[in-house]
Structure formats: C-alpha cells, structure tokens
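Okay, thanks for coming, everyone. Let me put the model up and we'll talk about charged side chains.

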Amino acid sequence: MELRYTRTIILNEGSAEEKRRQIHDYFHKTYSIDEKLYDTLADDAAFYIRPEPLRHPLIFYLGHTAVFYINKLIIAKIVDIRINPRFESMFAVGVDEMSWDDLNDAHYDWPTVAEVKAYRDTVRETVDKLITSFPLTLPILTLPIHWDHPFWAVMMGIEHQRIHLETSSVIIRRTSIDRVRQLPIWDICQQSGEAPRNELLPAPGGKVVLGKSKDHPLYGWDNEFGHHESYVWDFKASRYLVSNREYLEFVEASGYATQEYWTEEGWSWVSYSRATQPIFWIRDGGSYKFRTMAQIIEMPWDWPVEVNCLEARAFCKWLAKKTGKHLRLPTEDQWYCLRDAHQIPDQPHWDKAPGNINLEHWASSCPVNTFRFGEFYDIIGNVWQWTETPITGFEGFEVHPCYDDFSTPTFDTRHNLIKGGSWISTGNEATRDSRYAFRRHFFQHAGFRYVESDQPVEIPEAMYETDVAVSQYCEAHYGATYFGVDHFPAKCARICLEAMKGRPMRKALDLGCAVGRSTFELARGFDRVTGLDFSARFIRIAFQLQEKGVAHYELPEEGELVSYHDARLSDFGLEQMKDRVEFLQADAVNLKPLFSSYDLIFAGNLIDRLYDPGKFLSGVHERLHVGGLLVVTSPYTWLAEFTTRDKWIGGFRKDGELYTTLEGMQELLREHFRLVNEPEDVEFVIRETRRKFQHTVAQFTVWERVS
C-alpha cells in the first residue's frame with residue numbers, strides 16, 4: 001500500500017544528493033504502481049482487446065510509458081543510444097481522441113506481453129542508472145531543477161507515467177468484466193447510501209491570477225506556465241457534485257431523447273453513440289448496477305455520476321429549464337475562486353489528502369458528502385469536474401522542446417478543461433496548477449457540479465500560432481510569395497507529379513511534410529498521401545487544415561509588432577484533397593513497418609536535418625515499390641545540432657578530395673536506385689520579419705528504385 005502514498009517532488013530545496021534519492025524513490029514507486037495497475041488484467045489476451053475505440057489496446061500503453069523515457073531522454077540529449085528502435089517507434093505516439101466516429105483500425109503487429117515487460121525492465125534499469133550516476137553537482141546542473149534542467153526530462157517521464165495510471169485505468173474500467181480481477185491494492189470504497197439533496201450556495205468572486213513562472217518548485221506541463229488574470233463575478237455553486245441519484249432524474253425525464261437539452265455537437269454524439277445513460281451504469285432488469293475499475297456493484301446512488309462534457313451540459317440545460325435558473329458548468333476561473341476561497345493546501349504539502357485524491361483513500365469514487373470544504377464538498381478529488389472553458393495557453397505560453405505536442409494539439413476550442421482531480425489523480429495531476437483537457441465527448445473518471453451565474457463564458461478563438469518556426473513555415477507554405485519565388489512545397493509537388501507520369505500513383509509518402517502543403521498538393525495526383533514529420537508542432541497545423549480548412553498564425557513585423565494571418569486550403573483549390581491525405585508524427589530514421597509499399601517517397605529538405613541520414617537512405621528502398629521514385633531535395637546545410645559530424649553523408653573531404661552530399665547519396669543509393677534526372681535547383685524563401693528573409697537554394701534529385 002505504500003506505493004499509493006506518494007507525492008510529487010519539491011524541486012528547489014535540499015541538497016543535490018537528497019534530491020537524487022527522492023527522485024530515485026519517486027521513479028521506482030511510479031514504475032511499480034504502473035505495473036500493479038496492469039496486474040488487474042486477468043490474462044495476457046486482455047492486453048490486446050480494444051474496449052476504448054479511440055485508443056490503442058492496453059499492450060500499447062504497457063510499452064508507451066517506458067518508451068517515453070527513452071525518446072524524451074534522447075531529445076534532451078541525455079542518452080544517445082536506443083534500446084529497441086522498433087518499440088521506440090511503435091509505442092511512441094498514442095491515438096488522439098479527436099472524434100467519436102474517427103476510428104483508427106490500423107493493424108499493428110503487437111509484440112507479446114513478455115517481450116514488452118522485458119523491455120520495460122531494461123528501461124527501468126537504464127533510468128535507474130541515469131538517476132544514480134547523472135552528475136547533479138556539475139555547475140550547469142546544480143539545484144533547483146527547473147524547465148531548462150536536464151533532470152526535467154526525467155521528471156517528465158515520471159509524471160507522464162502517472163498520467164497514464166489514470167487513462168489506463170479508464171480503459172481497464174471499460175474492459176469486459178471477465179477480463180479483469182479485483183486486487184487488494186485497488187480496494188474500492190464500501191460506503192454508499194441515499195444521496196443528499198443538492199442545493200446552490202453563494203460563492204464569492206474576485207480576481208483570479210493563474211500561471212507559473214519557470215522557477216516554480218513543482219514540476220509542471222507547458223500549459224501551466226505564463227500569466228492569466230481575470231475578474232469573476234459572485235456566483236452560486238452546487239454544494240455537492242451531481243450524484244448518480246440526481247442524474248437519474250435527467251435520465252428518467254427522457255433527457256437522452258430530447259434534443260433541446262443538447263448542443264448541436266452533443267446531439268450529434270448522442271445520435272451516433274445511441275447513448276441512453278451514463279457509460280458506467282449497467283441496466284439490470286428494471287434497476288441499475290455500477291461498474292468500478294474491476295467490479296460490478298450495486299448502484300451507489302450517493303457517488304458522483306461520471307459522464308462526458310456533452311452529457312454534463314445537457315443535464316445543466318435540463319435543470320435550468322426545470323428550475324428557471326441560469327445554470328451551467330463552472331468556468332476554470334470560477335473553479336479556482338471556489339478552491340482558493342477554502343485555502344486548500346497543495347499536494348505535496350498536505351499531511352493527508354483532504355479529498356478522495358492521490359490514491360490516499362480508495363481506488364474508486366465515494367459518497368459526495370464525505371469530504372467537506374466549508375459548506376461545499378469535493379472541491380478537489382473524487383472525480384474530475386468538467387468546466388465550460390476550452391483550454392488555451394496563458395499569456396507567454398511556450399512549448400517545452402522535449403514534448404512539443406503535450407498541449408498545443410488541444411488549443412483548438414474543442415478540448416474543455418477538467419479540474420480538481422479524481423481518486424486516481426496523482427503527482428502533477430493532484431496539484432493546484434494542473435491543467436488537463438479532453439474532447440467534450442471523451443470519458444475520464446469525470447463528473448461535474450453546476451453553477452448559477454449570469455457572467456458570460458468567454459470562449460477563445462483557436463489560438464493564433466506564435467511559435468516562430470511554425471509561423472514561418474505556415475507563411476512559406478500558404479502565405480505570400482516573395483521576390484518572385486513560388487511556394488517551395490507546391491513547386492516540388494508539381495515536379496514530382498510530372499516525374500510520375502506513366503507510373504502508378506496509388507500511394508505517396510511525404511517525409512518532413514512540415515505544415516502539409518506538399519502533402520495536399522501531391523493528393524492532386526495520388527489516391528492517398530501520408531504526410532509525416534518529426535515535429536508535432538508542424539503536424540498539428542497540417543491536421544487542423546485537414547479538419548477545418550484553415551489555420552491561424554502570427555508573424556513578426558518589427559520589434560514587438562506582429563501581424564495576423566490565415567492559411568486556407570480553399571485559396572489554393574486544395575479543400576477537395578482533405579479526404580485523400582493523412583498526417584502523423586514520426587521519426588524518418590525509425591519508421592514503423594506499416595509505412596511501406598509506396599509509389600513515391602518525397603523527402604523535402606529532410607536529409608540534412610536527420611540524426612542518421614545514412615541509415616535512412618540505406619533502408620528507404622524497403623518502403624518503395626520497384627519502379628517507384630524517391631525524390632530528395634536539400635540545401636545540404638549540415639549542422640552539428642541536427643546531425644553529428646560523423647553522420648554527415650557529404651560536405652567534407654574524403655581521401656583528400658572534395659566529397660559532396662550528392663556523391664554521398666549516389667554511393668548510399670547505388671545498389672537499389674538510379675538517378676533519373678539532371679539535378680536541378682529549386683529556390684525557397686523564409687520570411688523572418690517584414691524586412692528580413694532567408695533565400696535558399698535546394699538541389700532536387702529524382703531516383704528510381706531498380707531492385
């Protein structure tokens with residue numbers, strides 16, 4: 001049981017060796033309780049079932065939490081050797097819960113449970129040695145541990161693993177009951193009875209100030225940093241979270257069959273899912289039972305109901321009509337008003353968790369009148385609480401370079417914040433400043449309370465992209481043209497399609513697709529085009545264009561002045577290509593086996609940014625049909641920050657003679673390819689500011705696979 005009583009690490013106090021011991025202990029407890037969670041599965045076959053259609057089976061997450069350590073430590077340049085490249089590709093990126101009807105039925109050749117567990121053991125040993133031997137005492141690595149500290153990547157791995165305690169437990173909860181088993185470490189609350197009657201109580205408003213600075217003593221994800229201020233009007237909030245009993249009234253009032261209670265999005269979800277009740281309720285004749293993580297029990301009417309945001313909103317609209325009051329979900333700022341008014345200590349500073357949180361009480365919900373905070377209950381803990389606030393970054397938001405796709409894919413106005421934590425929220429999830437958001441149709445251990453408020457809810461626009469590199473590429477792909485130079489990805493795609501005349505054009509792979517223009521352009525001729533990029537920041541824009549047809553970005557003009565721009569597929573006649581493309585994050589040097597059987601592979605300005613271009617070129621034939629074309633463009637700007645000197649394939653003297661990158665490519669590709677064009681130059685322009693531009697010339701080569 002000691003594994004369940006852990007706290008996140010205070011990173012700015014104590015000696016280096018004390019901190020090393022604390023992180024070492026935190027790492028092993030995290031790793032062990034993660035494995036204890038999977039022990040609830042009755043047999044190995046349960047790892048390969050997919051009860052949650054928007055996510056991979058649990059075998060993926062068994063590998064994912066271990067792979068994450070290695071992939072992030074490599075990005076942080078703390079380690080430079082992979083343990084198992086196949087696993088570190090296969091288990092790298094999970095299924096994004098984008099749309100309830102956007103199912104991913106791709107086939108994966110999953111390894112055995114024993115193989116994944118053996119890999120996990122190796123990773124555990126590797127990270128253990130790193131923690132115990134990494135030189136914390138070097139001047140550059142002294143305490144405190146902060147955003148830029150190398151050990152931040154270790155903490156990132158630990159806190160990421162704790163997030164998946166929660167998400168995997170939801171998947172287990174949706175697994176067939178005959179595939180799971182109840183274990184003592186995951187004991188559930190035995191208390192239940194009739195639910196108390198809910199009521200609205202006054203809640204004071206006031207000024208809300210949110211956002212961490214980078215010297216904050218606790219680990220945080222990128223969306224927690226920056227600055228946010230607002231003023232909240234006085235409001236009323238329900239004393240309790242909505243219980244199963246209170247929600248039953250909505251179910252019995254034909255709430256799931258009455259369109260007027262639902263938003264347009266909500267009604268579309270109800271119509272598609274055919275939901276008639278909360279997902280963890282089980283009809284048993286004329287009554288209901290309840291699914292916990294590993295048991296089916298009698299309905300605990302006084303436990304909080306667990307629903308998605310769309311259901312919570314529909315309940316509020318139904319109750320508002322019934323009572324004549326302005327009822328809705330709270331905003332993020334209102335939740336903070338409620339929390340801070342009760343001066344709740346932050347984890348890790350409490351003696352005992354003041355709510356059903358951090359696994360310090362049960363491995364399930366409990367009655368809504370158990371944990372009191374003044375006149376309210378469950379301000380933190382029991383279940384997450386849905387809010388009306390779509391997540392976005394605070395002023396000054398920055399992505400962390402080791403994990404550039406943690407938050408930014410959710411800044412689309414379609415992911416609403418959940419606050420307060422659940423019974424299994426541990427580590428960062430159980431801290432005041434944590435900010436997690438999910439699509440509104442998604443299920444977590446989440447419920448809600450309602451508020452009465454006349455204050456308008458501010459819904460942010462999809463955030464303008466402020467990342468300098470991403471904005472520059474948005475402009476280079478979809479913005480103005482400068483100095484008479486055409487859009488580089490569009491011109492390259494046209495040359496590729498011309499070269500493909502007379503050849504099959506079924507599938508194309510666009511490697512290093514950035515924000516996607518070349519992928520869309522290739523779809524003018526190909527039946528299917530896959531765009532891959534290592535950076536999730538770029539892929540997010542490409543996906544947004546595919547889904548919405550538009551992306552927003554800002555460009556620096558001069559000094560602090562910026563301008564705002566839109567990239568629209570319709571401006572280039574590309575909107576009809578959306579159904580013929582897909583975008584995924586991937587490492588070109590370590591691709592999954594499923595990326596194969598292409599008629600064209602376009603590697604645009606990629607090879608001089610790879611960490612091992614020789615490995616990529618030596619194996620690329622395996623992914624291309626005989627007779628297919630490999631197209632490579634590059635300005636050959638070799639830089640050690642991307643490719644260590646020993647991995648360059650040209651641009652140096654060899655045996656005393658000049659040795660160009662083109663000669664290096666010819667040597668690496670000779671066995672399987674022949675060069676079929678006279679290498680040509682293609683210009684491109686990158687706008688930095690209104691009066692500063694990069695003008696570059698890439699060499700364009702076309703190679704036919706001959707064997």
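So, which residues does Arg 313 touch, not counting residues up to four places away in sequence? With contact meaning heavy atoms within 4.5 Å, Arg 313 touches Tyr 261, Thr 263, Leu 329, Glu 388, Asn 416 and Arg 440.

Before I go on: this is a predicted model, where local features need pLDDT of at least 70 and side-chain atom pairs count only at pLDDT 80 or more, while totals for chains, interfaces and linings use all residues. Residues are numbered from 1 along each chain as its sequence is written, and side-chain values use heavy atoms, with hydrogens and water left out.

Back to Arg 313. Its relative accessibility is 18%, so it counts as buried (under 20% relative accessible area; exposed is over 50%, partly exposed in between, with a 1.4 Å probe and protein chains only). The C-alpha atoms of Arg 313 and Arg 440 are 9.7 Å apart, though 127 residues separate the two along the chain.

Now salt bridges, meaning a side-chain nitrogen of Lys or Arg within 4 Å of a carboxyl oxygen of Asp or Glu. By that rule we get 48. One of them joins Asp 284 and Lys 289, at 3.7 Å from N to O. At 37% relative accessibility Asp 284 is partly exposed, and so is Lys 289, at 26%.

What about Arg 687 and Glu 557, buried or exposed? Both are buried, and they form a salt bridge with the closest N and O atoms 2.8 Å apart. These two also belong to a salt-bridge network with Glu 558, Arg 690 and Arg 691.
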